[in-house]
Amino acid sequence: MNKDMLDQLPADEQPVASKLESVVEDMKVSPGFQWELENQLMDAYKTKGQPAKGWQAKLIPALGWAILAISAAFLLNLTIRSLAPDALPAAAERPGPEISFADNVRQGDICEGRLALAHGLNVFLTTEDKTGFVPVDTGNSLDELRSFAWSADGERLAIVGNTTGSGNIYITDPTGGETGYLLSASEAGYLRDAAWSPNGRLIVLWSSQNISTLYLLSTLGHGLIEKQLDVQILGTPQFAPDGNIFFYGADRTAAGLFTLSLEPSQPFLLMPEVEDESGFAFSPDGSLLAYMEYDRDEGEAHLSTQKPSKGEYRLLGTLPIPRGSGSSLPEAANLSWSPDGKVLVFSFGRNTADSAIYLAYSDGTGLVKLADSAYAPTISADGRCLAYISNKQVFLMDLAGVSSTSPSPASALLADLPAGRGSANFRLDKLQWRP
Amino acid sequence: MTTLMATRTQYPSMDDAQLAIEARADPEAFAELYRRHVRSIYRYHLAHTGNVRDAEDLTSQTFMAALEGIRSFRGAGPYITWLIGIASRKRLRFFRGKQPEVPLDAALHIPAPSLPTERAAARRLQIDKVLAALRTISADRAEALILCFFSGLSFAEAGLVLRKSESAVKMLISRGLQDLRTRTSLALEVDYE
């Protein structure tokens, strides 16, 4: 605080302000830490896209994990390519069940509907025969496209974009054919994501600039509604099937899953056990909330379901977490249910290398690892297909072949991740099947 | 590092917004931004955590996230408020799942090797009491004090972070200083000079 600022304070408070200023001056950054962090930032800059981890990360374990991950990804990729007809034509000479699965998908016999993908500040849809991705903005006339959200009926796709920091929402049809503005150069600031209400009349927005404001956009042309909150929104708000809004957030004293009705009210903390931005999801009928909870003392993460009224609790599965992980705990993300509510899938890990995709049975009978080095899982509307990203490619897996007692079926390559407009960051990648 | 040190005067006339644009393609520009603001971010985290280890960890996370997201900085507001926004989210994630209480006695290894032991102890006591007192006053007053005194933001910049007017920030700071005066009278009146 400079003298000019001090002078603007009431005279009575200026001595205390000066004393406080002198106390703060003694809080110096360790030169060794500052130097080390600067070096790490510069190293991370050179390998941008996969910046270095925490400054305290140890080099040898990191290298070990990297070698293991690369080897695993290479072997997985080799296996998958050998099974995918388009990627390796020779495989078509010896058709197996996985090839027939991929053909069935491409012919539209199963897993109908296109996949939407947000990657590298652009949004894509699969081609009708699911042999690749095409950008929604075919004319390349729109600015940065950050994310998207399918309407509940799958008839509309909202695209989240930004023009020099002002948020835009575009609406297009399921094929990406007609694209128009629903919101242009919004005062909401830089928009990160959005979600539709169950009835399709509202879209809730998440602005990274105004995180204590909830923005509701009418899809019927009634404009943008702002609601000031006394908590901060730290993850994409979602509508529950009953129309209430849920989001991961925090107030001064606690973080967790907050809920908010559209009536004039403030959100309240429903479940402080929830610790992940997208590690929670309502079952399709709205009766159960699935979420990941962390027990640091036991070194375990628990996937559980609970009735929102907290009447019934069920443990679906347990995963180990490294003890003493502190703030670098693995995260559960993209938790999503199958349409029949019998299974749910999610990714769990800290980065693309150690993130794996799991499937849990909602009756608590098991937890199955489906794929290593994989993230962004999504289930097709018929519940038959799992799509996910791994090693810069999008894969499909036949969920009909998954059981808790046998190895997961091999995946089929759908397509390479398309080139984006900006630097890719796996945390921003989003993949969702049309509902 | 030699290269970095040698180029420290490369951008004296550039403001933060210009540097942030340069930093999209120029690592030295990002390094300059880092040097300008590392103290503000470190103090911000130290004020909240009261713990040097956690403050350093969160400072590291904040700048790593800033590096990853530098392209998303559009210059709609000052760079420092954008950076504080990242720091705030990192802090909240850090505190998630645990009570925002910190082991003050185990913290505050404030480097002051040149000070005699008694002075260093008195200094540590002062900082300890101020940080403890910040936790007892209202959240918005504490945040305003932290932003303006610890992170060096102007009233206007703090207003952008807090989504309040400049005059509202001054009011918060004035009330916060009153609170500190009553709760840290010993700490703020004892001077070790």
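Helices (H or I, at least four residues) and strands (E, at least two) are DSSP runs, numbered from the N terminus. The model is predicted: local features need pLDDT of at least 70, side-chain atom pairs count only at pLDDT 80 or more, and totals for chains, interfaces and linings use all residues. Residues are numbered from 1 along each chain as its sequence is written, while chains are lettered from A and ligands numbered from 1 in the order in which they are written.

**View 1. Chain B is built from 10 helices and 0 strands.** Along the sequence, the pattern reads α-α-α-α-α-α-α-α-α-α. Of the 193 residues in chain B, 49% are buried (20 or more other C-beta atoms within 10 Å of the residue's own, with C-beta atoms placed from the backbone; exposed means 12 or fewer, partly exposed in between). Take the contacts in chain B between residues at least 6 apart in sequence: 61% of them join residues at least 24 apart. Two residues are in contact if their C-beta atoms, placed from the backbone, lie within 7 Å.

**View 2. Chain B meets chain A through 54 residues of its own and 51 of chain A.** On the chain B side, at least two residues each come from α3 (27–49), α4 (52–68), α5 (79–95), α6 (117–134), α7 (139–150) and α9 (166–183). α3(B) gives the most, with 9 residues. By class, this side of chain B holds 31 nonpolar, 9 polar and 14 charged residues. Ala, Val, Leu, Ile, Met, Phe, Trp, Tyr, Cys and Pro count as nonpolar, Asp, Glu, Lys and Arg as charged, and the others, Gly among them, as polar.

**View 3. Four strands of chain A form an open sheet, in the order β21-β22-β23-β24 with antiparallel pairing.** Strands pair if DSSP finds at least two bridges between them. At the edges stand β21 (331–337) and β24 (367–371) of chain A, each pairing on one side only. β21(A) pairs with β22 (residues 343–349) of chain A over 5 bridges, in the antiparallel sense. Within this pair, Glu331(A) is opposite Gly349(A) of β22(A).

**View 4. Ala152(A) sits in the loop between β4 (144–150) and β5 (157–163) of chain A.** Leaving aside residues up to four places away in sequence, Ala152(A) touches Trp196(A), Pro198(A), Gly200(A) and Pro435(A). Ala152(A) and Gly200(A) are 48 residues apart in sequence, yet 6.8 Å apart in space, C-alpha to C-alpha.
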